[in-house]
Amino acid sequence: MTTWLPDIQQGQGPLYARIADQIEQAIGNGALPVGTKLPPQRNLAFDIGVTIGTIGRAYSIVRERGLVSGEVGRGTYVLDRPESRPPEQADPLTTSLAGTRPINAPAGKLRFDSTAAPDVGQGDILAKLLGDISREHHGDIASYARNFPDDWFEAGCQWLARGNFRPVPESIVPTLGAHAAVIAVISAVTSPGDRIAFETLTYSQVSRSAGLIGRRTALMEGDEFGLIPDDFERVCAQQHPKLAFLMPSAQNPTVVAMPLDRRLAVAEIARKYGVWLVEDEVYGSMTGDRLPLMAELAPERTFLVGGLSKSVAAGVRGGWVACPPHFSQRIRIAHKMVSGGLPFILAELCARLVLSGSASALRNRAVEEITAREAMAREVFSGFEFNSHPRVPFLWLKLPDPWLSGTFKQAALQEGVLIDDEDEFKAGRADRVFHRIRVGFSSPPERYDVQRGFQILRRLLDSGRTGYDSFD
């Protein structure tokens, strides 16, 4: 353990931030070499005459910067390769907005922290369609999208249709991806200070974005069947949220599909308390789930959101939202305000992908590839507890003792694999600990890379106490 001490008279800003900056500087100049154990928080606080809370915040910052790792009862140790940390994460506010992922991913790593559509030959199709659009719409692609052709709305109707459900064109708003659609809805039907209800584990980038525009978070509990209706009602009665964000068909990150009885109960509770619902169907559209959508069960208050990023091509930024009656114009204007507007070339490209049948064909090919990779995961991780679905590009894996989620993530990074710890999916501060990680497997270009990444993670899981001691 080092005898290094920070000089609290140096630097600017809050004391905890100055201490964190000095730790980073000491790591950079070699005063705190790789593997060094930092002083215990209580000892350091006593030695320099500050509160233990100040040291705790400083250690938390350098841990979030990827410079150290620490476990209760074991201490805090300097990690290898701090130069890979993007400089933008030095700001705690930036870190809080970014979640637990680095703003710029380290180079040369296997990306198991993304669920973008796998490469199934989209490039050739996109190149042809973009060439056609460029030839046919010289003026349109060089200007703003001032008029929305009927085809853009028809494409949304087709893409969001499920079974006997098909939204009408008047309800559709084309958007710059599904995320932009959700934020447009939140901006349009809630006000700063209003609460938005999220499951404790969810696609937390929505909750962070909502916080950035002044909305507050209310947390709802779930179990192996998804959102618990009784807890949704508790939150509605006690915290009065204006809107709830849901992923009923393939929840991210748990992969859970909410059964019909719960969907019906949630719809009735939303009616009782006047709560708007946003139904994110980005993964659900891939599963073949035949359960009715929330948009069918509560059409007067549900905004159904879908897009192309997970099943067709993430780079085209295509999405649509089907609105309750009389809300499409409001959402369209809100989307323009929060996103800056919809580029003609992208909206036209997405419409042509859907209406030509190319989007459905690419989705089928993507699902086929995902199914093969999920089967590989089942084989490699046999014997461990995890949730997965043959048509969903990630799994939710329970870590064996003594692994903690953040520690395992750091160990995987040292072995060249980027994964997501459970904190990446927490919509707010929660006492509950799940000891799980999400492993997304659609981004590695080849199945060989997927297999190699799975095997690295399996070795870490099998290493038990030895692997744990190697990294902390």
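## Terms and overview

A residue counts as buried under 20% relative accessible area and as exposed over 50%, with partly exposed in between. With that in hand, let's look at the salt bridges of this predicted model. Their count comes to 28, and a few of them are described here.

## R436 and E385

R436 and E385 form a salt bridge, with N and O 2.8 Å apart. This pair joins distant parts of the chain: R436 sits in strand β17, while E385 belongs to the loop between α16 (358-380) and β13 (386-387), 51 residues apart.

The two partners have their own surroundings. E385 has a relative accessible area of 46%; this value lies between 20% and 50%, so E385 is partly exposed. R436, with a relative accessible area of 10%, is buried.

## E424 and R208

Another salt bridge brings E424 together with R208, and their closest N and O atoms are 3.5 Å apart. E424 is found in the loop between β16 (420-421) and β17 (436-440) and R208 in helix α9 (residues 204-212), so this contact ties together parts that are 216 residues apart in sequence.

Here E424 is buried at 2% relative accessibility, and R208 is also buried, at 16%.

## R263 and D289

The side chains of R263 and D289 meet at 3.1 Å, N to O, in a salt bridge. Because R263 lies in helix α11 (residues 260-273) and D289 in the loop between α12 (284-287) and α13 (294-297), the pair ties together parts 26 residues apart in sequence. Both R263 and D289 are buried.

Notes:
Residues are numbered from 1 along each chain as its sequence is written. This is a predicted model: local features need pLDDT of at least 70, side-chain atom pairs count only at pLDDT 80 or more; totals for chains, interfaces and linings use all residues. Side-chain values use heavy atoms; hydrogens and water are left out. A salt bridge is a side-chain nitrogen of Lys or Arg within 4 Å of a carboxyl oxygen of Asp or Glu. Helices (H or I, at least four residues) and strands (E, at least two) are DSSP runs, numbered from the N terminus. Buried means under 20% relative accessible area, exposed over 50%, partly exposed in between (1.4 Å probe, protein chains only).
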